[in-house]
Amino acid sequence: MCQLIHHLLNRLQVTVDEQSLDHLLSYCIRALQQCNSWTHVEILQAVAALVYGNGPRCQKFLPDLLGKKGILLQLSAPTQPDVDLRRAAVYCMANLCLGIPGQPYLEEQYKTVSLQTFLVVMKNPKSPEVDDITVCKLLQNALKGIHSVLNVGRINLTQTDQLGSLLAVLKTYMFYGFPGVNIEVPVILYPAPLPQYEGSSPMKEQAEGAANSSKQVGKKKKSRSKSKKEQSEDQREDHRETAQPEPLHGAESGRQKGGDSTFSLLQLPKNYSDKTVPSLDGKDPSNSFYPSWKKINSSDSEYSDTEGGIQSKLRSLQAKVRQGALACFLSTIKSVEKKVLYGYWSSFIADAPGIGGPQAVSLMTIALKDPSPKVRAAALQVLSAILEGSKQFLSVAEDTNDHRRAFTPFSATLASSIRELHRSLLIALVAESSPQTLTQIIKCLANLVTNVPYNRLKPGLLTRVWNQIKPYNRRKDVNVRVCTLTLLGAIISVQAPLPEVQLLLQQPSSSGLSSSGSGTPHRLSDSESWRKPQQTAHRDGDKENLESPQCELGWLIQLCVSIVTLPKQDPYSDSDTNTGAASSLYEPSPVRVEALQVLALLVKGYFTMAQTSLLELGEVACKCMEEPDPSIQLHGARLLEEIGSGIVQQHKPDSPTPLNQRVSVSQVVSFWSRMLSGPLPGALQNDEHPTLQTSTCDAVSSILPEAFPSLPNEKQILCITMLLGLNHSEHPLVKAAAVRALGVYILFPSLRQDVMFVADTANAILTSLDDKSLNVRTKAAWSLGNLTDTLIANMESMGLGFQEEFSDVLLLKMLKSATHASNDKDKVKSNAVRALGNLLHFLQPHHISKPQFKPGIEESIQALIRTVQSEVTMKVRWNACYALGNMFKNPAIPLDAAPWAAQAFSALTSVVKTCKNFKVRIKSATALSIPNSRERYGDRKQFSEIWNALVLALEKSEETEDFLEFKYCASLRTQICQTLLHLLQLITAEDHSCISKSIAEKGNLMRTFIQRFVTSGVEADEAATQAGPQDRVRMLERAFQHVQSLQEVPVDEKELVVKYLDQILEHCTESTELQSALKDTQE
């Protein structure tokens, strides 16, 4: 009966309904409880077939199977003498733990019990009478169960012992049956900054088995790098697994002769990431580790019955165990937070090559020395997952200084680990011949390059990677070429612009083709060099260019341009699956897309070097946008956007590029005239590809503002008309890009003074501000903020003429829309309140006096006050404080008589005293310094509250719970002192008592900070004040003179304040004169 169940479900793939499943499982459980033990293996096979993929439907049977006295727990215990029965029970448990997406998973207690059972099996897999092949199958089943538990649902591994025990087991079996390695990992790995000793194993069974395995096979040795290219991957793997394994003495020693050796492993626990890198072919990397785990019995027909055949089978099974352990490690990385895994960094990544002594085994040991290419690839995938997202952890690495001291800093240890990773991966790159594993090596290098802080390390690492990877862009395998371009892109994008990379880009094109540094890539065979550099045909004609200092950049651009635009020389040499004449004529689409991305990164990071090829790159972008392939079109548009953004950045006032080295405005005009005469307008109107429209909108928005008025008039009208039309697109991405582009155009000097354009843009923005898409509303709010900035700029430059010409109806509509948007999500709200501040600043007396404006003004001010007081994100509160200050600048706003004025000042004083974010406090103190007359601060009580709040804020300016806020302390004190001096210049006789009281109580505190403010240099990073010491002294003098001139003040109070200010002024004057004298002497 059980054999029939197993046959129907496992062989014939029969689906079981829930009622049948209940009956059959109930029957099998009773059979296990009542029948003789010799039948249990067959019954467990039936149970395994029944529960496979049906775990969520077996909830009511879990107590019988996995409870305290559950059948599966009893049969899988180490005390179980029948290893086949134990293996079958573990296999059942693994199938039961297999999760189905979208269905409920096992309860936490059963997951924990199952995981502990699997770990017990891994720690006690073998008894003396059990053969190694059976042990390997038992281990595979246990690893499958661990993988299932970790893969579906986050399991609680927060306790150090739980995670450390799991990692110790996985590390042990990553090297199971590994030639020449026999280690004993501690029972638990602990995260600690000190080494953790791992000694050689006293158990010799595994070592003897490995030794016997190597003796049974022929003496012939074969180097991995010399395997024939025409061999299939399976043939290569089989050959390596049957070849004589050689012991490992060092990561760089290659396959050396000698007997087995034992390693002691030193642990320096550190860190790694919890993200995984998908395989290049898009398949789940973890699934590829288990080609045969769905079957409890693997076929023996492929192996002979001879002793050599048994040893070959054993080595193959041992490789699958190592592969399974690495797959579980990959799932562990996904299941545990990165900050927890950081401590285990050097348990798996070495920090020294170990020359002259035993090598600490690590993931790179497997990547360099494992005979199975699948296991090597699995180790590299794990290493990639560790490196992914490790930028913050690796950022502390530093070796720029020589550390000659009694201890090695952690930063130096981490830097050493990074150097060792570079060295080992480059050695693996040279030695590897399997295209699939080679792809993983290059992807791993790309992840490493992306996350390493090269600006804190000694130069040279990137040079060795650059020189060694260049020849691989000519490999036949498409995936290798794609990854090579990805790595080149990572090099030119990391911390750009990096001096070392700038030097690499300036090297002669002949250098680097043969590797230098830590290794030399093997010479490409004739079959591999099918793709010659496209620029060689023009070598004679370009001889002068090759002698220029930027010829290496020319090589990189020419390489990418040739990949994108030129037909491939051998149309049948690629293994791509593209069909059709066009696709077979050019390189495969993934290679061309990656080449376009490299060009975009090059333009973004090193624009001053790429600008010599500006027109050529523009032509590449145009050609790509004319092609039928949407992905090529899209990346062509993105390249164009990066070129435009590079030009804009170069022409900004703070750009470090000298004026004579910038792209001239006339060149920019010629460039965009050519682009707008090409496929750009067609791409903007391509409704079938909204992503392309989005990128094209972004590209059009990157036109240099100074060049826009010099474009032909029809091109200007074309851009504006297209963007206004796309603002009504039904696709949210297109609409968001269009309204953002309008927000850029509204700042153009040539357009912002055009009242009709401003009005059309305003209506388009207000339409998008009511869109149902949050992304569209966010972009519209940003554009509305830019639009209101334009209104203020026009008000200051054009005066009343622009304000009177601008529509009152539209202005009121903008005010109401911004008020409504201030109640939206924080992403919308931050720019909505910014717009409100500008609009309230823009209003004129005739607006304020109109009845239809009064409710809108009241509502908008109340919205700002609520935002300042609310618990929204700090950026929103910062903008709201800025908006209130902006409103205070409008003399037409009746601050002295408005009922809401007290609420506004109260909100600002509350924030300046209590807000946890110092940048918000700074902006609120700035807003309190805006009113330019005493009347605008309200009555004596309100003025007193403002003064006392500022004094209290000054007293608490160093009190914070967040360490990151300390860097803003000086700016906060600077702004508060400036606001206090501003208030002193405005006080009346009625306010004098408040000032004298605060001086009597906290005079010493105030004196210290005010003297420091007046005499120190500019500290106001966030306070927007650039007054020097002389200006600050004059500010103090004006305050002193104003207080001294007050009449009808009690004599004692006046003398107190005047004497106090006179002492501060005298001290500050002497200090400033001394600083000036010293400065003159130095000059």
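Predicted model: local features only at pLDDT ≥ 70, side-chain atom pairs only at ≥ 80, totals over all residues.
A crossing of two helices is termed left-handed if the near helix is turned anticlockwise from the far one by less than a right angle.

Helix α28, comprising residues 614-625, packs against helix α29, comprising residues 630-650, at an angle of about 150°, and the two axes lie 7 Å apart. Because angles over 145 degrees count as roughly antiparallel, α28 is described as roughly antiparallel to α29. On the side of α28, the contact is made by Leu 614, Leu 617, Gly 618, Val 620, Ala 621, Cys 624 and Met 625, and on the side of α29 by Ile 632, Gln 633, Gly 636, Ala 637, Leu 639, Leu 640, Ile 643 and Ile 647. By class, the residues of this contact between α28 and α29 divide into 12 nonpolar and 3 polar, with no charged residue. The buried residues of α28 are Leu 614, Leu 617, Gly 618, Val 620, Ala 621, Cys 622, Cys 624 and Met 625. As to its length, the 12 residues of α28 should span 16 Å at 1.5 Å a residue, and the end C-alpha atoms are 17 Å apart, in agreement with that expectation.

A left-handed crossing is also found where α34 passes α36. The axes of helix α34 (residues 732-745) and helix α36 (residues 755-768) come within 10 Å and cross at roughly 145°. In this pair, Lys 735, Val 739, Leu 742 and Tyr 745 of α34 meet Phe 757, Thr 761, Ala 764, Ile 765 and Ser 768 of α36. The contact of α34 with α36 comprises 6 nonpolar, 2 polar and 1 charged residues.

Helix α36 is also among the elements against which the buried residues of α39 pack, together with α37 (774-798), α40 (826-842), α41 (845-849) and α42 (854-869). These buried residues of α39 are Leu 810, Leu 811, Leu 812, Met 814, Leu 815, Ser 817, Ala 818, Thr 819 and Ala 821. Helix α39 itself, formed by residues 808-821, has 14 residues and reaches 20 Å from its first C-alpha to its last, close to the 20 Å expected at 1.5 Å a residue.

Elsewhere in the chain, Gln 116 is found in helix α7, which covers residues 108-123. With a relative accessible area of 36%, Gln 116 is partly exposed, and the C-alpha atom of Gln 116 is separated by 9.8 Å from that of Ser 165, a residue 49 residues apart from Gln 116 along the chain.

Notes: Residues numbered from 1 in each chain as written. Heavy atoms only, no water. Axes fitted to C-alpha atoms, helices over the stretch in contact; angles between N-to-C directions. Helix = DSSP H or I, 4+ residues; strand = E, 2+ residues; numbered from the N terminus. Parallel < 35°, antiparallel > 145°, perpendicular 65-115°, else oblique. Contact = heavy atoms within 4.5 Å. Nonpolar A, V, L, I, M, F, W, Y, C, P; charged D, E, K, R; others polar. Buried < 20%, exposed > 50% of the residue type's maximum accessible area, 1.4 Å probe, protein only. Expected span 1.5 Å × (residues − 1).
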